[in-house]
Amino acid sequence: RYTIRRAINFFSDHDELYWNATGDQWPIEIKTASVDVYAPTGLEPSSSKIECFVVVFGSRTPCAAKFFSPDGSASFTSVRLNPGEGLTFVLSFPKGLVTAPTLKQVVTEVFMDNWILGIPLIVLFFMVYQWFRRGRDVKGTGVIIAQYEAPDGLTPIEVGALVDEKVGKKDVAGEIISLAVHGYLKITRLEEKKLLFNSTDYSLQKLKPTTDLANFDGELANFLFSERGGDTVRISAFRQSKDTSKPRHYKLMQSQVLGGLVEKGYFTKNPESVRGLYFAVGIIVIFVSLFVFQAYTAYAVLSGIISGIVIMLFSNFMPAKTKKGVLAREHILGLTLYLSVAEKERLTFHNAPKKNPEHFEALLPYAIVLGVEKEWAKQFEGIDMGARAWY
């Protein structure tokens, strides 16, 4: 015995009761199944329609359906249901026999049935609120002016990390060039012929210790040389390495760069730690949804998974710069403008440094981390660069 609400389908010209009376998952034979339907004020055969089906695997076979005029009821009967078969009936009747719910009731009932699907929306609003409180950068000047050097003497890898809040491959490449320009490394281009093709490789040679530089430069040197046992290493050795995980010195270098920017007052917290925290929370929410919520409904699992993904996506936006960091970023954007602008537009710059080989190589590492090295090199076309000691 059970009571069902909201079982009626309401259409523009009629209403309908479409019901799977027995279900089709019974593993046993049902010798006889029958359904009697009584309406509030009785059914009129002339204005009502009845159908009965035995349903199995998407196919259906008619079964007996008839009206009982004296009491205004309808009857549906199946002689036998095999395992996996179910009795389904359709009863159509004129509008007005059953009172349709109001729009307010429909909306309320749909919300009550599916409220759990609203959780991702709540999580989204919460993450937006968190971003406004914790992840949004403070306002800067909003004015970008051409700059001719990095802010506060920051190294290329620090500049790159300050812009996109992470230490990427371009940042590391720029820092290597910077170490070479300052005499700590020498880079040698190697041309080799293999079979029918010419291949290009690069050799890095350590010329002097980096102990007098920032700690992350020391870890970068350890990553390049110490882990491979020598003061000379080829770039191809990194590509051919079977170890796909990032070595300890590389991870420590990343941590020291971002941690140093926090200590210098450019970030409120370590961006990598902030991203990792929110990403981990998202993973936990998804895990709980898959292995705990599945005891409830598929909607609960889906809602939990979407909520976890929302948190994970927001993890990239949660690191926040301080006022100092925002102003430094604007300074860097001004440097990017200077490095990438066309020659004819440079005339608008005031007191721009003279273009010479020393100026080119001093800013080349910054151009690399900012992704404008080609534009920077183009400005020096036709200038005799001469032989550089570091390359």
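1. Phe-293 lies in the loop that links helix 8 (271-291) and helix 9 (298-314); helices here are DSSP runs of H or I with at least four residues, strands are runs of E with at least two, and both are numbered from the N terminus. The model is predicted: local features need pLDDT of at least 70, side-chain atom pairs count only at pLDDT 80 or more, and totals for chains, interfaces and linings use all residues. Residues are numbered from 1 along each chain as its sequence is written, and side-chain values use heavy atoms, leaving out hydrogens and water.

2. Phe-293 counts as partly exposed because its relative accessibility is 30% (buried is under 20% relative accessible area, exposed over 50%, partly exposed in between, with a 1.4 Å probe and protein chains only).

3. A hairpin is formed by strand 4 and strand 5, with two residues between them. Phe-57, in the turn, has a positive phi of about 50°. Strand 4 (residues 49-56) and strand 5 (residues 59-62) run antiparallel and are joined by four bridges; pairing requires at least two DSSP bridges between two strands. Opposite Val-54 stands Thr-61 of strand 5.

4. Three strands make an open sheet in the order 9-10-11, paired antiparallel. Strand 9 (185-194) and strand 11 (232-234) are at the edges with a single partner strand each, so one side of each has no neighbour in the sheet.

5. Strand 10 (residues 197-206) pairs with strand 11 in the antiparallel sense over three bridges. Arg-234 in strand 11 is the bridge partner of Ser-203.
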